[in-house]
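I opened my notebook to look at how two chains meet.

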4 protein chains.
Amino acid sequence: MDTPPIAAVDPVLVRDTYGKSRVRLIKLARHADRHDVKEITFQILFQGDFKSCYETGDNSKILPTDTIKNTVYVLARKHDIVSIEEFGKHLVDHFLANNPQVTNVRIEVTEHLWSRIAAAAFTRESQKRTAVVSGARNGLTIEAGIDDLTILKSSGSAFEGYIKDPYTTLKETKDRIFATAVRATWRYASTKLDFNAVWQGVRQVILDTFAAHDSLSVQHTLHALGRQVLAMFPDIAEILLTMPNKHALLVDLSPFGMDNPNEVFLPIDEPSGYIEATLARGTGR
Amino acid sequence: MDTPPIAAVDPVLVRDTYGKSRVRLIKLARHADRHDVKEITFQILFQGDFKSCYETGDNSKILPTDTIKNTVYVLARKHDIVSIEEFGKHLVDHFLANNPQVTNVRIEVTEHLWSRIAAAAFTRESQKRTAVVSGARNGLTIEAGIDDLTILKSSGSAFEGYIKDPYTTLKETKDRIFATAVRATWRYASTKLDFNAVWQGVRQVILDTFAAHDSLSVQHTLHALGRQVLAMFPDIAEILLTMPNKHALLVDLSPFGMDNPNEVFLPIDEPSGYIEATLARGTGR
Amino acid sequence: MDTPPIAAVDPVLVRDTYGKSRVRLIKLARHADRHDVKEITFQILFQGDFKSCYETGDNSKILPTDTIKNTVYVLARKHDIVSIEEFGKHLVDHFLANNPQVTNVRIEVTEHLWSRIAAAAFTRESQKRTAVVSGARNGLTIEAGIDDLTILKSSGSAFEGYIKDPYTTLKETKDRIFATAVRATWRYASTKLDFNAVWQGVRQVILDTFAAHDSLSVQHTLHALGRQVLAMFPDIAEILLTMPNKHALLVDLSPFGMDNPNEVFLPIDEPSGYIEATLARGTGR
Amino acid sequence: MDTPPIAAVDPVLVRDTYGKSRVRLIKLARHADRHDVKEITFQILFQGDFKSCYETGDNSKILPTDTIKNTVYVLARKHDIVSIEEFGKHLVDHFLANNPQVTNVRIEVTEHLWSRIAAAAFTRESQKRTAVVSGARNGLTIEAGIDDLTILKSSGSAFEGYIKDPYTTLKETKDRIFATAVRATWRYASTKLDFNAVWQGVRQVILDTFAAHDSLSVQHTLHALGRQVLAMFPDIAEILLTMPNKHALLVDLSPFGMDNPNEVFLPIDEPSGYIEATLARGTGR
């Protein structure tokens, strides 16, 4: 093969991380009267002193990603999984305590939620609960979130008063379908909380505020959601909301001699609007 | 380009179909006190006298798939969508009445279900409701179904007493996790029914029977589900159930000096068991 | 739980099958001067005398799907994998020889193709090679196929002369983009062939005929492809071609005072046309 | 509905962006002897002075995402698309010139590559070409990349000498399958380059270096790839490489009395290793 030899350039390793993705787990809690089930997927990422592995292939500071995976199962046996946030803390603590070469551990967690049918039977929900626990030797950050919360409202949504330029064809509307798949992640000001209760509360506030808000744009509603979450949950320092505008286009039936009084729509996956913002607690509080 | 001319072989057109896939629709029903929302995806397929189009490019008998799509929107404006089964019948009737060259129309429908949050706000569910309405000039067949009903039970599931051969490594178990994503489709004996009520009923019977059944295998539980549906709903002539065995493997913690009393599992997407059967009402009824 | 007891209906098991899906394998052939790599995914399905398992949970005739999976790896060690068709035959032979309760074995195979970069390095292709080997004690059927062969032509494609009805809005065109993802499966008249050579040949005929054909519709081109394959490969008895019409819509730039001489298109995934036909060798041969 | 009123908290808008995702385009260049086809998907994101839209629903500074989409098609008609990088520059220039409220424009581009079959016929490749062009009024940054470049080598890959701890079960190996799906993005030091030639060159260097490298770990090979790209292409300032370790596990055939001399493997999608690093040109240049 006609390959050039590895060149004599001397590159700088600006940033690097490694770890294990898509580590999956089901943990059963076997109570006398019922089972609880948690299904969780982890991504675990390390940062630290790994330069020699990249530059010379010296693996002496590398904890294999296979061992990282094994550790998840061992700790899942040792600890009750009360919440993904708490369990993330156990993982961070373990990896930092046992790996001096690691400076930062990042645990990204997705919980696939199951609803109870019976004492030991469940159906899987479509929304997901997420968390990111990141730790260094001087501290810990805990974020929580919701993913794939697909919601739609068919009244109380307008879009008017925007810029018109030579390439504008969109019609202003006082009444449209507003559909989105919310991804929310929020950072806690504290690391000791009833994470389950707050998560349920944030989800409910998002649903209720979305339903009630008199929306003038996706941005407008996103802000209302974020503001309400910050108002109701003092332990949340900031929240990032991503709300794609999943368009439902009014179908033009005029070629067939028919009107369409906002009844028949074509939902499309592409293109979609993309709206994202981070809201933080103001200094006034 | 060095392409051979179309050869002089004289092939027979054994079977052919054409139509439109992934026709998407949202229909709002605007009631005084609330909205109802239906989100539906259609595949519409024709069979008939289309030989000349294939053989000579004569399109004179072809209703374009673009027109098929337009017709869905027109009929959605004309009719309330009480159920996907009823609306499928309207589509079949329309296409057969207006297209003498078409002998069979098949309407495959997937309804993406939305749960109510408020009078005009909704969240999308993970399970889907399906229907197939197929019609010819001498009659109509209506099938209904559920797709992506992901369920799990963590007690009452065993697997023992199977064949052991030289390539067997699986251990017998009296207690395993049983997870599956049910796809069920059933054929109605009648074309006039309260399709919505029956669908809700079948779904509930599947959930309840799954939860309650003392399972000796996936096959055993599949049969119980089908039998119970046939027993409870006399208008269902037969039911096809597909139940992949979505394995959750017990994690071996013995290398780490730990036991694992059926608490920590590794769920896997591949490989999976595949179990499928059709049950029909016996002649005894 | 308030579940009804399993009812006294006596259902008939009309049809049933079980087996293992998504069994994945990489087999390396280590030659002196190079490696060959095959990456294959299997679905293996049994039919036979399994009524007692469904009806009473008696597993005594069930070969576990886990054992089915193990057998794939054992046979992959024992045999060179010359072609997926030949290897499918080994699997059918093994399962029929060792399982008297099994009447039919169906091996569905997808090969993920890798192109060579170097003696032992490869890149993965997007198209897939498929095969279905189905066997009973009285004989064997071998089908082969291509999947995800995404192709596009930007000249030599028209669509005119079709039915116009009150819901027609499509414009006739002499010049459109024709894009499709071909799925082809063909049945061999023989079970002893150079399967690799024929497969490469069919793929080339499909590409060349698609490029050269003066297309009057998708149906017209589909027929030309099938006819040419049957003409060139006498060992192929019939071929099923599925060719979705993946539309590329001409973008209307007239609102901006611009023409669009078939240059700027919007490709869409949904809706899409669906065209499918099976061509068989005529009786004249 | 029992919803709390929007609360009196005064949140700070820390960061916000909006725009359009999944804007798709096919552009044909119709030459006398052949067509060239480009299929591109865009995400276009704005940052700027949009606070009033979020806080009060005042849309007077909002260019609708629908107009952003229209603009892509207009500019695609006006300009030849020589490269996605050049076309990205046209988009940035347009949006900044016409929208004083916008401070930053980010154009994320994915090109779905088509290989030529004939003068006007093509097959779609599996790898993708990417670019990000981000501009503000004081300057422009151009990044390019490759995505979904799935590669595998079956010799010249070892993994030894790593940390062993109580949770280690992985065996050291001098000979394993190394499979990955490379995602590479690199930042150019210049905004005027033959982007097409450099892209083809980088792709070839990645393939050749991957094939030739005597790999002691994924990190080791990632570093070799990045170093070689920086050595060969002086216009590249830094490169980010993401290389998941897509494991192929050696199948244990010992329960069946068979050895497995690195021939039969089980490829798995989950879990996978995750290795990512950014290399920059050292100060020595």
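These entries go strand by strand, then turn to the contact.

**Ground rules.** I worked on a predicted model, where local features need pLDDT of at least 70, side-chain atom pairs count only at pLDDT 80 or more, and totals for chains, interfaces and linings use all residues. Residues are numbered from 1 along each chain as its sequence is written, and chains are lettered from A and ligands numbered from 1 in the order in which they are written.

**Strand β10 of chain D.** I looked up residues 272–280 of chain D, which form strand β10. Strands here are DSSP runs of E with at least two residues, helices are runs of H or I with at least four, and both are numbered from the N terminus. I found 7 of the 9 residues buried, so β10(D) is largely enclosed by the rest of the structure. Buried means that 20 or more other C-beta atoms, placed from the backbone, lie within 10 Å of the residue's own.

**Its partners.** Two strands pair if DSSP finds at least two bridges between them. I saw β1 (residues 12–30) of chain A pair with β10(D), antiparallel, over 9 bridges. There, T17(A) faces E276(D). Within chain D, β7 (residues 236–242) pairs antiparallel with β10(D) over 5 bridges. L240(D) sits opposite T278(D).

S272(A) has S21(D) as its bridge partner.

**The contact.** I noted 84 residues from chain A and 84 residues from chain D (C-beta atoms, placed from the backbone, within 7 Å). On the side of chain A, β1(A) gives the largest share, 13 residues.

Terms used. Buried ≥ 20, exposed ≤ 12 C-beta atoms within 10 Å, placed from the backbone. Contact = placed C-beta atoms within 7 Å.
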